[in-house]
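Here are some notes to read alongside the model. Each point takes up one part of the chain and can be checked by eye.

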Amino acid sequence: MVKALKYLNKYFYKNRKMLIIGVVFTVAARIFSLQVPRLIGDSLAKVEQHLTHSSNISEGIEKTLLVNILVIVGVALISGFFTFLMRQTIINVSRGIEFDLKNEIFNHYTKLTQRFFKNNKTGDLMNRISEDVSKVRMYFGPALMYSINTITLFAVIIIYMFSIAPVLSAYTILPFPVLSIIIYKLSRRINIRSAEVQGMLSKLSAFTQEAFNGISVIKSYSIQSRLSKRFNTLTEQNYQKSLDLAKIQAWFFPLMILLIGFSNLIVIFIGGKKYIEGSIDIGILAEFIIYVNMLTWPVALVGWITSIVQQAEASQERINDFLKEDPEIKDGVIAPKIDRYQITFDNVSIIYPETRVKALDEISFSIDHGQTLGILGKIGSGKTSILNLICRFYDPDTGTIAIGDQPIKDMTLENLRGLIGYVPQQSFLFSDTIRNNIRFGDKDASNEKIVWAAQNAMVHDNIQEFADGYNTLLGERGVNLSGGQVQRISIARALVKNPKILLLDDCLSAVDSSTEEAIMKNLKKFRVNRTTVIVSHRVSALEGADQIIVLQLGRVIESGNHSQLLSSEGYYHGLYKKQNSYKISI
């Protein structure tokens, strides 16, 4: 077994009983089907024998033929029944393994860190869990099933043929190795061309998806004709690749038929001579012709099975690359009972390895239970990094982060994140109803609770204006909503969770100042007895915070409450004056 596919041995072992039963059914189906040529040969031999000794067919020969016909029909029915059972076991097992493997990959994906998803394209991740797993399933299902079929047929037929006519058998199988080699080489060429076609289809799909996503930009810059030319170039390349594949595939079955036909000619010529010489009877000659044609498909399958195994190995190797990826964030083992949800950062630093930028440099602060921390700073100052660290999307390179007296590294991720309601900077909505998008924060939330959360996020009135209200189905990423509506639904999602810790990452940037003021007023009530961290570029969003820190290049340059920071006349004071003077000028 090829190296990459050894990973799948655990699935073979898990389903060993059903696979063994499937193998038994396969062997039984083939053994019964192989009785047909023998019965046909026996019938022809009886007819020949009778005609040699009598000019009329007697009642005895009629009875013999009738019995043989009934047995042939019975054997065919039994063989068909075992073939059905074979598919019900082996193919069903392959589907079960496909299910298990997809779940394993998806569950592993969910354990990997944000860094992994930043470094890998979504399309590639999707391809490995769909197309690659499908190729692996073919290895478990059709490849296994037809391999057993082929081995059984060859073993039984070749042994039987050599037992009754060794010389004729040797001549008969001469073309088979040549046929297998040709089909194997053709299959490899087909694989290469198929991969090229799939690659071109991926490029074409990616180009089309990007064009549709950015259709408003394309139209605003009036570059439809330029995009059409690029699309035509891609489709022309795809056409040529597909044509090259079709040319190779066109050789497949003609060559198979040619070589099997050649094998039939050998049987007829050599077998005919031996029949004339009297060394074999007509029944054996008929049997050999049937056996040769029965071996046609299995011989052709040798190349096809090899092709499946090669594709499965390549796909499993791609899957293994990600399954071997070790999650950077190790799950803790403690699910502590915490009464006070103060957050403490003690000399925390983090460097993102992709950019080698030090996002946070020895940050220390503490927020008491029920208090609100405001974080202000320029783009790239490290504001979002603090929230990412609290959620353990990343771990710091140095320093410790604690909730209560418990270091978050020791807590289970489920327990830690169960405490947190997080509204990210880039809000994400799913292609589902508005109701279910809000309920995402609490799957058991009642309709009354959902409406309450939407009212506090100042989005209830907008939702009511839609024809279907809360049952309005959203497009991809909430594309049929405005940016402000998306942000407010995300806030409602966090509120409905009723978290102990609320993290808001510049989540009011797309709403007007009056709506922002109303939401902050509602959040002030909600924040009672909850620890809250608010990241914002607007000083107005942070005025009510118990403590505010100002970041610059990953370091705290100012800290205090609103009044203290205004009196210090530093960065915060300057920004406050600038933003307020801007309001006045408007």
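Asn 437 is found in which helix?

1. The residue Asn 437 belongs to helix α17, which covers residues 434–439. The model is a predicted one, and what follows should be read as a description of that model. Asn 437 has a relative accessible area of 1%. Buried means under 20%, so Asn 437 counts as buried. Leaving aside neighbours within four places in sequence, Asn 437 is in contact with Leu 429, Phe 430, Asp 432, Leu 474, Ile 489 and Arg 493.

2. Next, the sheet. Six strands form an open sheet in the order β6-β7-β8-β3-β9-β10, and the pairing is mixed. The edges are β6 (420–423) and β10 (555–560); each has a single partner strand, so one side of each has no neighbour in the sheet. On average, and ignoring direction, neighbouring strands of this sheet are turned by 15 degrees against each other.

3. Strand β9 (residues 547–552) and β10 run antiparallel and are joined by five bridges. For Ile 549, the bridge partner in β10 is Ser 559.

4. Which helices go with the sheet? Helix α15 (residues 383–390) lies across β3 (372–377), β6, β7 (501–505), β8 (531–535) and β9. The direction of α15 is at about 150 degrees to β7. Helix α20 (residues 483–496) also packs on the sheet, where it touches β6 and β7. The direction of α20 makes about 180 degrees with that of β6.

5. Now a helix pair. How do α7 and α13 cross? The axes of α7 (residues 131–164) and α13 (residues 282–294) come within 11 Å, and they cross at roughly 155 degrees. An angle over 145 degrees counts as roughly antiparallel, so this is the label for α7 and α13. Their crossing is left-handed. On the α7 side the contact is made by Leu 153, Ile 157, Tyr 160, Met 161 and Ile 164. On the α13 side it is made by Ile 284, Glu 287, Phe 288, Tyr 291 and Met 294. By class, the contact of α7 with α13 has nine nonpolar residues, no polar ones and one charged.

6. Helix α7 also packs with α2 (residues 16–33), at an angle of about 40 degrees and with the axes 9 Å apart. That angle makes α2 oblique to α7. The crossing of α2 and α7 is right-handed. From α2, the contact uses Leu 19, Val 23, Thr 26, Val 27 and Arg 30. From α7, it uses Leu 144, Met 145, Ile 148, Asn 149, Thr 152 and Leu 153. The contact of α2 with α7 divides into seven nonpolar, three polar and one charged residues. Leu 153 of α7 is named in the contact with α13 and in the contact with α2.

7. Asn 347 is not a glycine, yet its phi is positive, near 50 degrees. Asn 347 is placed in strand β1 (residues 343–352), and at 41% relative accessibility it counts as partly exposed. Met 458, also not a glycine, has a positive phi of about 60 degrees. Met 458 sits in the loop between α18 (447–456) and α19 (460–465). With 34% relative accessibility, Met 458 counts as partly exposed.

Terms used:
Residues numbered from 1 in each chain as written. Predicted model: local features only at pLDDT ≥ 70, side-chain atom pairs only at ≥ 80, totals over all residues. Heavy atoms only, no water. Axes fitted to C-alpha atoms, helices over the stretch in contact; angles between N-to-C directions. Helix = DSSP H or I, 4+ residues; strand = E, 2+ residues; numbered from the N terminus. Parallel < 35°, antiparallel > 145°, perpendicular 65-115°, else oblique. Left-handed = near helix turned anticlockwise from the far one by under 90°. Contact = heavy atoms within 4.5 Å. Nonpolar A, V, L, I, M, F, W, Y, C, P; charged D, E, K, R; others polar. Pairing = 2+ DSSP bridges. Buried < 20%, exposed > 50% of the residue type's maximum accessible area, 1.4 Å probe, protein only.
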